[in-house]
Amino acid sequence: MTRKDFKEIADSVRREVVVDDERKALADALCAYFKSVNPRFDRDRFFAACGL
C-alpha cells in the first residue's frame, strides 16, 4: 500500500464515521493491519488524518 492509499482510507474514515469512539475503534483496527504490511506506518499521522 502507498501513502496515497493510507490517506484515502483516513479521509473515508473521517468523512463516514461520525461517532468519535467508533472512528477511534476503526482507526485502531486498521492501524494493526497497516503496521503489518508497512513497518514504517505512522499511527499518529494516520490518527490525525482520521480527525482524531
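A note on the source. I am working from a predicted model, where local features need pLDDT of at least 70, side-chain atom pairs count only at pLDDT 80 or more, and totals for chains, interfaces and linings use all residues. Residues are numbered from 1 along each chain as its sequence is written, and side-chain values use heavy atoms, with hydrogens and water left out.

**Fold.** I counted three helices and zero strands in the protein chain. Helices (H or I, at least four residues) and strands (E, at least two) are DSSP runs, numbered from the N terminus. The order from the N terminus is α-α-α.

**Overall shape.** I checked the C-alpha trace along its principal axes, and it spans about 30 × 20 × 15 Å. The radius of gyration of the protein chain is 10 Å, which agrees with a compact globule of 52 residues, because such a globule would have a value near 10 Å. That radius is taken over C-alpha atoms, and the globule rule is 2.2 Å times the number of residues to the power 0.38.

**Core.** Which residues form the largest nonpolar core? I found 10 residues: Phe6, Ala10, Val13, Ala27, Cys31, Phe34, Phe41, Phe46, Phe47 and Cys50. Helix 1 (3-16), helix 2 (20-37) and helix 3 (43-49) each supply at least two residues of this core. A nonpolar core is a set of buried Ala, Val, Leu, Ile, Met, Phe, Trp, Tyr and Cys residues joined through side-chain atoms within 4.5 Å. Buried means under 20% relative accessible area, exposed over 50%, partly exposed in between (1.4 Å probe, protein chains only). Buried residues make up 25% of the 52 residues in the protein chain.

**Contacts.** I took contact as heavy atoms within 4.5 Å. Not counting residues up to four places away in sequence, Cys31 touches Phe41, Arg43, Phe46 and Phe47. Of the contacts with a separation of 6 or more, 50% join residues 24 or more positions apart.

**Met1.** I found Met1 in the segment before helix 1. Met1 is partly exposed, at a relative accessible area of 49%. Leaving aside neighbours within four places in sequence, Met1 contacts Phe6, Ile9, Tyr33, Phe34 and Val37. Met1 and Asn38 are 37 residues apart along the chain, yet their C-alpha atoms are separated by 7.7 Å.

**Gly51.** Gly51 sits in the segment after helix 3. Its relative accessibility is 43%, so Gly51 counts as partly exposed. Beyond neighbours within four places in sequence, Gly51 is in contact with Arg14 and Arg23. I also checked Gly51 against Phe34: 17 residues apart in sequence, 18 Å apart in space, C-alpha to C-alpha.
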